[in-house]
Amino acid sequence: MTTTVFLFRNDLRLTDLPGLAAASRAGDVLPLYILDDAAAGDRALGGASRWWLHHSLQALGEEIAQAGGQLNLLRGDSAACLRELLASRDITAVHCSRAYSPWEVALEAQLREACNALGVTFKRYPGTLLHEPEHIENQSGAPFKVFTPFWRHCCRAEAPAQPVPLPSETTWAEPLAQGAPLRELELLPTNPNWAAHWSTLWTPGSEGARKTLERFLQDRVQHYASGRDHPAEEATSRLSPHLRFGDISPRQVWHTARATLQQQPALEEQINKFLAELGWREFSYHLLFHFPSIEHAPFKSQFENFPWLGNETLLRAWQQGQTGYPVVDAGMRELWHTGYMHNRIRMVTASFLTKHLLTHWRTGERWFWDTLVDADPASNTASWQWAAGSGADAAPYFRIFNPVTQGQKFDADGVYVRRWVPELAALPDRYLHRPWEAPAAVLEEAGLSLGSDYPQPIVDHREAREAALAAYQEIRKG
Ligand code: FAD
């Protein structure tokens, strides 16, 4: 009987894994995950993502155990771990799903080399995207740089392949003697354990992902198109961390949503809008794959000379949700307490950091990378560049979100702000998004002392806007 290693990466599930299904058809499967922080470099997972990874690996381990096998965990240099494993066991092949960020692409080449040197086949499979990035190109054979034609092209292309099940007759290889228990990966926070309450918010793993999708398609999708911009409404799917870690594949999400549409044609607008958001995920990966430098450098090169200020005190106020702009502070506190922030508020807080505080988008991207459970190398980078104005298909720089009107428009009754900034709870709606304009009597009635209970705005909106536009003019001239 031959043995194939299946190396899990961003695909912590057992179904819709073509590489795992092929390994299973070939003989025994040795399921393996290697935590390799050194290879990831500055893309090593942040704290919130490590919490998710721990629980997702735990769920995967339980699923494999139910199917009669054992998930093997290693920590260290992936190529060295693999070499040691191949030298110690009779392995025919190593399979994995493709990954697309620059360090993962480089690692894939190293793993292939390590395998080939020992006469072992290395094979990678699709599984993480709806369409492989090199299959989608414009009429001149070049990658897309604008979302709308990209997504139109994807929708006209062949439908994503149907998800593949794990063959029922899968057999598992003997576990590795050198495998580490999950706790030795040291993924969970300690001292303090800031994620102690997160298991009441999230259920990592494929069962959690399946239920999250089911709940979305049953109870939430009806209001998706109109509700998705309103952070208090909970109209979106919350699938992002599940997709990030591959608890569920985008093809599973796609086909399940399409099946719902077939049964309920009245949901066409809602489901198409939802699928288009999955399209933004695809587009982000398309960009990262074809333009890997966007991880660190602006997509629009004129932004290389942007005069960022980088004031540490202002940055700290933003990170701690103490800017004096309620909707910004609500978002930053939601992020800290839950590992998640609503998309509309991500746009507002990212615009505020890059434009009002003239802080480099990379600084904000790093903060999100550390604090989001769905921190994604493609979506986070592309979205931050989009918000800063330096990205592909970015918001024009001069479109600077006004945090007061954004709050008034998308959180008109203040439910979101009151939830995350409770010190403002007693303010009337009229002043909730601009407490500094409230008359003294209103503040007193609300029991609020500005400057001690809640900060005065750390920058004046109008002045900050002028400064941002002036900075932009500088790079336009240059
Ligand atoms: P839904 O509205 O239910 O969307 C379904 C799925 O589509 C999401 O789960 C996600 O996988 C994808 N998606 C939705 N919107 C986008 C988008 N704008 N770009 C790319 N994919 C999208 N998303 C991440 O997954 N990881 C990140 O690190 C990330 N960082 C972001 C940073 C900034 C500054 C901004 C503005 C957006 C970022 N997003 C990121 C995109 C988006 O905010 C989240 O995907 C979305 O809020 C997740 O909630 P949901 O699953 O309920 O989304």
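**Reading the ligand site and the domain interface**

Author: One of its oxygen atoms is 2.8 Å from an N or O atom in the side chain of tyrosine 340. A polar contact is a pair of N or O atoms within 3.5 Å; within protein, one must be able to donate a hydrogen and the other to accept it, and residues adjacent in sequence count only if both atoms are side-chain atoms. Keep in mind that this is a predicted model: local features need pLDDT of at least 70, side-chain atom pairs count only at pLDDT 80 or more, and totals for chains, interfaces and linings use all residues. Residues are numbered from 1 along each chain as its sequence is written, and side-chain values use heavy atoms, with hydrogens and water left out.

Reader: Which residues come nearest the ligand?

Author: Tyr224, Thr236, Ser237, Arg238 and Asn343, out of 27 residues around the ligand. "Around" means a heavy atom within 4 Å. Glutamate 277 has a polar side-chain atom 3.2 Å from a ligand nitrogen. For arginine 346, a polar side-chain atom lies 3.4 Å from a ligand oxygen.

Reader: Where are the domains?

Author: Domain bounds come from an automatic or database domain assignment. Here that gives domain 1 (2-127), domain 2 (129-160 + 206-290) and domain 3 (301-477). The C-alpha centres of domain 1 and domain 2 lie 26 Å apart.

Reader: How do I read the interface between two domains?

Author: The size of an interface is often given as the accessible area lost when the parts come together. The area is found with a 1.4 Å probe and summed over both parts. Domain 1 and domain 2 bury about 1700 Å², with 51% of it on carbon and sulfur atoms. In domain 1, Asp16, Trp52 and Tyr100 lose the most area to domain 2, together 37% of what that side buries. In contacts (heavy atoms within 4.5 Å), 19 residues of domain 1 meet 19 residues of domain 2.

Reader: How many salt bridges are there between domain 1 and domain 2?

Author: Side chains of opposite charge can pair when their charged atoms come close. The rule asks for a side-chain nitrogen of Lys or Arg within 4 Å of a carboxyl oxygen of Asp or Glu. Domain 1 and domain 2 have three between them. Elsewhere in the list, glutamate 132 pairs with arginine 98, the closest N and O atoms being 2.9 Å apart.

Reader: How many does the structure hold?

Author: It holds 23 salt bridges. One joins glutamate 295 and arginine 43, with the closest N and O atoms 2.8 Å apart. These two residues are 252 residues apart in the chain.

Note on methods. Helices (H or I, at least four residues) and strands (E, at least two) are DSSP runs, numbered from the N terminus.
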